[in-house]
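Me: I have a model open and want to learn how to read it. Take me through it, one feature at a time.

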Amino acid sequence: ESIVIKNDPFILKEKSPDLGLETIRNILNLAIKNNRYVRIRYTRAAWTETIIDEYTGEIITNITDAEESVRTINDVHLSVDVLDDDHISRYNLNENYITAYCNRREAQRTFRFDRISEIEILNI
């Protein structure tokens with residue numbers, strides 16, 4: 001009912017090359033502390049999957065290219081604070097990972113700090 005148009009949509013905005021792991025950690029800790037939405041430019045790694053067709057015995061190689069995308073996330077937490085120990089050890093997670101709700105994928109996702117090239121704390 002009462003729409004507010006803000007002069008600045010960002011509380012804070014940083015991007016490469018000034019962005020390092022410590023800067024990302026500090027910005028995310030600020031977002032976590034204040035329960036803010038965050039927008040990140042994120043690069044998902046490329047990977048190769050090799051499977052064997054159970055009927056023909058043929059080896060099939062699936063290659064997925066790296067993908068850069070902009071994600072808006074909320075309910076941000078350090079992964080080591082919210083995921084169970086089995087999950088943390090299985091995926092070798094540490095203090096350089098966050099777990100958050102990804103509005104693009106409409107699901108909880110885990111993100112690596114070193115794959116973030118731009119980060120914004122949103123003023124919403």
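Me: Which strand gives the largest share of the lining of the largest pocket?
Reply: Rolling a probe the size of a water molecule over the atoms shows where empty space is left. Here S7 gives the largest share of that lining, five residues. A pocket is an open set of points on a 1 Å grid over the protein atoms alone, where a 1.4 Å probe fits, with protein on both sides within 12 Å along at least five of seven lines; lining residues have an atom within 4 Å of a point. Strands are DSSP runs of E, at least two residues, and helices are runs of H or I, at least four, numbered from the N terminus. This is a predicted model: local features need pLDDT of at least 70, side-chain atom pairs count only at pLDDT 80 or more, and totals for chains, interfaces and linings use all residues. Residues are numbered from 1 along each chain as its sequence is written, and side-chain values use heavy atoms, with hydrogens and water left out.

Me: How many residues line the largest pocket, and which lie nearest its centre?
Reply: The lining has 16 residues; Tyr91, Leu93, Tyr97, Thr110 and Phe111 lie nearest the centre. S6 and S7 each supply at least two.

Me: What is the strand order of the sheet?
Reply: Strands of a sheet pair through backbone hydrogen bonds, either parallel or antiparallel. This open sheet has six strands in the order S1-S8-S2-S5-S6-S7, paired antiparallel. Pairing takes at least two DSSP bridges between two strands. S1 (10-15) and S7 (107-112) are the edges; each has a single partner strand, so one side of each lacks a neighbour in the sheet.

Me: How many bridges join S5 to S6?
Reply: Four bridges join S5 (residues 67-78) to S6 (residues 97-102). Asn74 has Tyr101 in S6 as its bridge partner.

Me: How do I read an aromatic pair?
Reply: A pair of aromatic rings is described by the distance of the centres and the angle of the planes. Rings of Phe, Tyr and Trp (its six-membered ring) pair if their centres lie within 6.5 Å; planes under 30 degrees apart are stacked, over 60 edge-to-face, the rest tilted. The count here is one pair. Tyr42 and Phe111 have ring centres 5.0 Å apart and planes at 85°, so the pair is edge-to-face. Tyr42 is in S2 and Phe111 in S7, 69 residues apart.

Me: Are Tyr42 and Phe111 buried or exposed?
Reply: Both are buried (under 20% relative accessible area, with a 1.4 Å probe and protein chains only; exposed is over 50%, partly exposed in between).
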